[in-house]
Amino acid sequence: MNATAKATTDNAQKLEAAYASVSDTYRGKTDDLYAACRDMRKTTRVYEGDFIAKFLGVPTNAGLQTKPTYAVFQYQDVMNVLKDANTFTSSFILEGMGKVWDGLMILGMDGEAHRKVRSLLQPAFMPENVNKWRPKIDRVAREDFLQPLVPNKKADLMEMGLHFPVRAMYALVGFPEDKPDQYNQYATWALSMLAANQLDKTKAEEGRRIAAIAVKSLYDALMEQVQRRRAEGATGDDLITRLMNAEYEGHKLDDHEVATFARSLLPAAGETTTRTFSAAMTFLLTVPGLIDRVRNDRNLVAKLIDEAVRFEPSSTFKVRETSADVQIGDVLIPKGSFVQCMVAAANRDESAFENPDVFDIDRRQKPSFGFGFGPHMCIGQFVAKLELNCAINGILDLFPNVRLDPEQPAPKIEGAHLRGAKSVHVIWD
């Protein structure tokens with residue numbers, strides 16, 4: 001094995017190990033997340049206490065901060081919290097996960113600072129701009145991942161599901177496409193940044209150390225590309241160049257801001273897309289008759305993805321902090337409290353969705369919260385959906401009669417948070 005091949009293999013293994021570590025951290029202690037959420041949604045509008053720690057046993061982006069904590073479960077309550085960024089704020093994230101991020105983290109911004117940064121970044125991620133990337137994403141999916149598998153007539157789709165979003169997103173960011181071995185290293189750093197989140201205090205210091213190294217390493221790699229684009233005149237269509245050329249109310253991002261904000265977008269670039277891919281493929285292959293419908297009508301791919309995000313959101317909760325005393329139902333929540341929005345409960349609320357525990361791509365479209373809601377709604381959701389769309393269409397085109405491998409375990413979606421299936425074994429003709 002030559003040096004390049006060895007580096008590619010080593011970095012791929014590092015990425016797989018980092019992904020598995022994140023999955024283990026957020027696996028939690030409940031075997032039936034939806035039953036726990038359903039019971040609370042029906043009996044307790046506002047839970048007084050740390051529901052996530054007590055029932056799920058996973059860390060949140062609040063880190064190890066201790067404040068009065070409440071949880072909400074109903075669709076309308078979750079929507080109301082997420083859309084009111086003035087009363088329910090996010091800056092506490094900079095004291096938890098954001099401590100190692102140099103403070104420039106859009107997830108942890110509030111008020112006017114968040115509005116300005118969001119207005120600068122948002123245009124690069126709107127559908128009309130994201131769709132210009134479709135040919136590149138489609139080529140990466142088919143040529144780099146799917147076509148080499150065709151002769152094998154069998155595969156674990158999650159091997160592609162982990163590596164494809166990384167390769168696609170990092171190519172879109174602007175990293176050189178002739179060095180794919182580096183993508184896995186960059187993605188490993190992005191996932192390692194999540195190590196700053198720990199429930200166990202004995203692991204917190206080591207987690208922050210690992211995260212700090214990853215944050216610095218990825219920043220340096222991005223800054224190199226930013227400076228290269230600047231020297232070349234910033235004329236391309238990659239994400240770095242789009243951010244460099246973005247302007248709002250006379251303000252443009254400097255090189256540090258471009259590198260820092262690009263870095264803050266990358267942990268979810270692989271994480272969310274990979275887990276949603278596992279859910280979408282699981283339902284496509286297990287719901288009776290669904291794959292034939294989708295194969296024959298590709299307009300249904302988008303509905304498949306949207307229903308997967310509702311039915312099995314990879315991110316099962318969002319946390320906010322109250323900036324003032326606020327009343328929800330019969331409970332007065334004091335200023336400075338954490339409010340845990342249980343997305344997994346709200347996405348299956350009977351008051352919002354008919355037969356919510358049934359996977360149904362024909363249901364009437366209504367907002368769900370898998371990508372968040374309101375001012376902090378996931379800025380990269382259209383990129384994720386486009387990647388998923390290209391991958392699913394490629395599988396249907398290139399793997400005739402694709403179906404679950406009867407000799408392998410069926411896919412199982414699990415985890416109290418960051419849910420997904422470890423493997424999706426398939427065969428084709």
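**Notebook: sheet and overall build**

I looked up Ala155 and found it opposite Val426 in β14. Strands here are DSSP runs of E, at least two residues long, and helices are runs of H or I, at least four, numbered from the N terminus. The model is predicted: local features need pLDDT of at least 70, side-chain atom pairs count only at pLDDT 80 or more, and totals for chains, interfaces and linings use all residues. Residues are numbered from 1 along each chain as its sequence is written, and side-chain values use heavy atoms, with hydrogens and water left out.

I then followed the pairing. Strand β14 covers residues 425–427 and runs antiparallel to β4, with three bridges joining them. I count strands as paired if DSSP finds at least two bridges between them. The open sheet has three strands, ordered β4-β14-β11, with antiparallel pairing.

Next I checked the whole chain. I noted 17 helices and 14 strands. The C-alpha trace spans about 60 × 55 × 45 Å along its principal axes. The radius of gyration, over C-alpha atoms, is checked against 2.2 Å times the number of residues to the power 0.38. For 429 residues a compact globule would have a value near 22 Å; the chain has 21 Å, which agrees.

Of the 429 residues, 58% are buried, meaning under 20% relative accessible area (1.4 Å probe, protein chains only). Of contacts (heavy atoms within 4.5 Å) between residues at least 6 apart in sequence, 74% join residues at least 24 apart.

Note on methods
Buried means under 20% relative accessible area, exposed over 50%, partly exposed in between (1.4 Å probe, protein chains only).
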